[in-house]
Number of protein chains: 2
Amino acid sequence: MKENASADGGRRAPNPKRRSARAERAILDAASELIVEVGFARMTMEAIAARARVGKQTIYRWWPSKSAVVLDVFTHLTGEKAGQPLPDTGDVATDLKTVLRATVDEFTTPAMDRTARAFTAEIQHDTELAVQIGERLVSPGTEVYKERLRSAVDAGQVRADADLELAVELLTGPFQKRWLLRTAPLTHTYAEDLVDMVMCALRP
Amino acid sequence: MKENASADGGRRAPNPKRRSARAERAILDAASELIVEVGFARMTMEAIAARARVGKQTIYRWWPSKSAVVLDVFTHLTGEKAGQPLPDTGDVATDLKTVLRATVDEFTTPAMDRTARAFTAEIQHDTELAVQIGERLVSPGTEVYKERLRSAVDAGQVRADADLELAVELLTGPFQKRWLLRTAPLTHTYAEDLVDMVMCALRP
């Protein structure tokens with residue numbers, strides 16, 4: 001932030017909006033780093049503020065709690081895509097494989113892994129946070145899968161009587177279980193085999 | 001234990017083995033109750049000892065840590081069945097539905113729900129505990145499902161080229177995701193629909 005301030009050379013009037021966006025970004029980056037380094041439980045608002053070089057009050061101006069900050073970290077890591085439609089090349093199996101391979105890549109990066117595990121732990125006793133995660137991440141994520149499957153029904157690639165809610169669980173549940181319990185590695189081949197088997201259940 | 005001691009009337013020599021089994025049971029019961037009442041994080045070895053009316057040293061004689069105690073609670077709740085074969089009536093869909101309906105009943109009881117959530121939270125950062133859970137509960141659980149599916153392959157109810165490891169994940173992963181993220185209620189109907197859809201993927 002200091003570098004940017006000097007790059008302005010003092011010639012322009014400060015732009016509060018841009019400064020806010022910069023502080024917000026610094027706070028989310030700091031929280032993202034700290035959750036990987038020390039974990040959710042040991043991470044404090046003080047440490048986030050110190051790392052982001054902002055006052056603690058600046059954080060509390062935008063977020064009421066540590067959970068709220070980390071929910072936004074998580075949303076930035078995954079959720080910006082949460083409401084975005086899945087690819088539609090015309091072949092549903094190809095598209096689902098593309099999406100699940102990308103999910104493998106996401107969940108095998110340390111930042112995502114640590115953040116998602118911190119959240120998984122938190123929502124086991126924090127039901128309010130669980131509801132927020134559900135509304136902001138899980139439901140939109142399920143909805144875009146269902147949307148893609150509906151289009152596959154129209155294209156005659158998925159049978160019309162298939163329960164699409166359940167179909168999405170078949171695509172995402174096994175993946176999540178493997179990640180959660182670390183029973184076996186998450187690989188691209190796994191993602192592809194999973195889609196192939198689920199498609200056996202869904203084809204007309 | 002006092003009641004039992006007086007029931008002996010002092011006439012018989014104490015049986016250390018039986019006394020040990022009784023203390024062990026009291027400790028596991030106490031831990032099981034406390035995890036429901038206060039949760040894993042706030043449960044202490046002192047509280048377990050007080051509730052079980054034993055000295056803390058008695059607990060440490062058998063278990064090195066709180067995690068170890070709760071792992072045994074969990075094993076008693078679910079794991080006694082973990083290595084037991086699944087029912088085999090000759091119809092694999094019927095048997096899988098029986099098993100998953102029973103799992104629904106298990107996971108919708110407060111003791112099991114709280115204990116499993118406490119563990120789910122713990123193993124996100126305690127990888128040693130995760131390994132133990134994997135070895136003592138997850139792997140044996142997966143193995144008995146695979147065993148039942150192998151018998152279904154022999155009976156011509158499951159195609160011979162099906163990846164049985166993946167098939168088990170399809171049967172258990174969606175269930176676990178729904179429970180973990182509380183996305184929808186776990187019901188007997190759900191268990192049956194899940195089996196029906198997975199069987200679509202597995203039939204020859």
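Reply: Let me begin with a term: a salt bridge here is a side-chain nitrogen of Lys or Arg within 4 Å of a carboxyl oxygen of Asp or Glu. This is a predicted model, in which local features need pLDDT of at least 70 and side-chain atom pairs count only at pLDDT 80 or more, whereas totals for chains, interfaces and linings use all residues. Residues are numbered from 1 along each chain as its sequence is written, chains are lettered from A and ligands numbered from 1 in the order in which they are written, and side-chain values use heavy atoms, with hydrogens and water left out.

Me: OK, how many salt bridges are there between chain B and chain A?
Reply: The count between chain B and chain A is two, and B:Arg178 pairs with A:Glu169 through their side chains at 2.9 Å, N to O.

Me: And which helices of chain B give two or more residues to the side that touches chain A?
Reply: Those are H8 (110-122), H9 (127-154), H10 (164-181) and H11 (188-202) of chain B, where helices are DSSP runs of H or I with at least four residues, numbered from the N terminus. H10(B) gives the most, with 14 residues.

Me: How much area do the two chains bury between them?
Reply: Chain B and chain A bury about 3100 Å², with 65% of it on carbon and sulfur atoms; buried area is the accessible area (1.4 Å probe) that two parts lose on being put together, summed over both. The contact (heavy atoms within 4.5 Å) takes 34 residues from chain B and 33 residues from chain A.

Me: How do the two copies sit relative to each other?
Reply: Chain B can be laid on chain A with an RMSD of 0.1 Å by a turn of 180° and a shift of 0.0 Å along the axis, superposing by least squares on the C-alpha atoms of residues with pLDDT of at least 70 in both. The copies are thus related as by a two-fold rotation axis. Also, 97% of the interface residues of chain B are interface residues in chain A too, so the copies meet through the same surface.

Me: Changing topic, what does UniProt place at residues 44-63 of chain A?
Reply: The unreviewed UniProt entry places a "DNA-binding region" there, though such annotations may be inferred rather than shown by experiment. In the model, residues 44-63 of chain A are 75% helix and 0% strand, and the end C-alpha atoms lie 13 Å apart.

Me: Which residue forms a salt bridge with A:Arg51?
Reply: A:Glu37 does, the closest N and O atoms being 2.7 Å apart. A:Arg51 lies in helix H4 (residues 45-52) of chain A and A:Glu37 in helix H2 (residues 16-37) of chain A, so the pair ties together parts 14 residues apart in sequence.
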